[in-house]
Amino acid sequence: MLSRLFAPKVKVSAHCDLPCGVYDPAQARIEAESVKAVQEKYQANEDADFRTRAVLIKEQRAELAKHHVSVLWSDYFKPPHFEKYPELHQLINDTLKALSAAKGSHDPATGQKALDYIAQIDKIFWETKKA
């Protein structure tokens, strides 16, 4: 009798931890765009105090972008996605490495490289949302 009392009334199923609306590569893209913009501003300004602040902001934004990419990898993408897109693990690894490189560089080309990788993740992400 107790087992019937405490038995679930509704059985639910989901392929992710929360409704999928909480996942979006746009979060990583926005932070990576900030990284590149700060790199450009750094290059255009010779003031030492400005540059110090720019480095701090760039590093914070790069870490946030890495966090958002990592969350997609660990929480959103599931085995069926990796089966359909076998390059996805390497793409995410390359993206994280590119963001680390941008974090440690003042060259906007490194920020752009990270953005290019994020664009590839974004394409795959939206293809999985259609399925």
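This is a predicted model: local features need pLDDT of at least 70, side-chain atom pairs count only at pLDDT 80 or more; totals for chains, interfaces and linings use all residues.
**Entry 1: α2 against α6.** I started with helix α2 (residues 26-43), which packs on α6 at an angle of about 165°, the axes being 8 Å apart. Angles over 145 degrees count as roughly antiparallel, and α2 and α6 are therefore roughly antiparallel to each other. I noted the hand of the crossing as left-handed. I then listed who makes the contact. From α2 I wrote down Ala28, Arg29, Ala32, Glu33, Lys36, Gln39, Glu40 and Gln43. From α6 I wrote down Pro108, Thr110, Gly111, Gln112, Leu115 and Ile118. By residue class, this contact of α2 with α6 divides into five nonpolar, five polar and four charged.

**Entry 2: the chain as a whole.** I stepped back to look at the fold. The protein chain has six helices and zero strands, and along the sequence I read the pattern α-α-α-α-α-α. Of its 131 residues, 34% count as buried. I looked up the accessible surface, which comes to about 8,300 Å², with 58% of it belonging to carbon and sulfur atoms. I also looked up how far along the chain the contacts reach. Among contacts with a separation of 6 or more, 74% are between residues 24 or more positions apart.

**Entry 3: α5 against α6.** Next I took the pair of helix α5 (residues 88-103) and helix α6 (residues 108-130). Their axes come within 8 Å and cross at roughly 155°. That makes α5 roughly antiparallel to α6. The crossing of α5 and α6 is left-handed. On the α5 side I listed Leu88, Leu91, Ile92, Asp94, Thr95, Ala98, Leu99, Ala101 and Ala102 as making the contact. On the α6 side I listed Thr110, Gly111, Lys113, Ala114, Tyr117, Ile118, Gln120, Ile121 and Ile124. I sorted the residues of this contact into twelve nonpolar, four polar and two charged.

**Entry 4: Thr95.** Is Thr95 buried or exposed? I found Thr95 in helix α5, with a relative accessible area of 0%. Buried means under 20%, so Thr95 is buried. Setting aside residues up to four places away in sequence, I found Thr95 touching Val69, Tyr117, Ile118 and Ile121. Of these, I had already written down Tyr117, Ile118 and Ile121 on the α6 side of the contact with α5.

**Entry 5: Leu72.** I moved to Leu72, which lies in helix α3 (residues 48-76). Its relative accessibility is 3%, so Leu72 counts as buried. Which residues does Leu72 contact, leaving aside neighbours within four places in sequence? I listed Tyr23, Asp24, Pro25, Phe77, Ile121 and Phe125. I also checked Leu72 against Ile92: the two are 20 residues apart in sequence, and their C-alpha atoms are 9.1 Å apart. Ile92 is among the α5 residues that make the contact with α6.

**Entry 6: Val22.** Last, I looked up Val22, placed in the loop between α1 (2-6) and α2. Val22 has 42% relative accessibility and so counts as partly exposed. What C-alpha distance separates Val22 and Tyr76? I noted 9.4 Å for this pair, which is 54 residues apart along the chain. Tyr76 falls within the residue range of helix α3, 48-76.

Definitions and conventions: Residues are numbered from 1 along each chain as its sequence is written. Side-chain values use heavy atoms; hydrogens and water are left out. Axes are lines fitted to C-alpha atoms, for helices over the stretch in contact, and angles run from 0 to 180 degrees between N-to-C directions. Helices (H or I, at least four residues) and strands (E, at least two) are DSSP runs, numbered from the N terminus. Angles under 35 degrees count as roughly parallel, over 145 as roughly antiparallel, 65 to 115 as roughly perpendicular and the rest as oblique. A crossing is left-handed if the near helix is turned anticlockwise from the far one by less than a right angle, and right-handed if clockwise. Contact means heavy atoms within 4.5 Å. Ala, Val, Leu, Ile, Met, Phe, Trp, Tyr, Cys and Pro count as nonpolar, Asp, Glu, Lys and Arg as charged, and the others, Gly among them, as polar. Buried means under 20% relative accessible area, exposed over 50%, partly exposed in between (1.4 Å probe, protein chains only). Accessible areas come from the Shrake-Rupley method with a 1.4 Å probe; for residues, only the protein chains shown count as cover.
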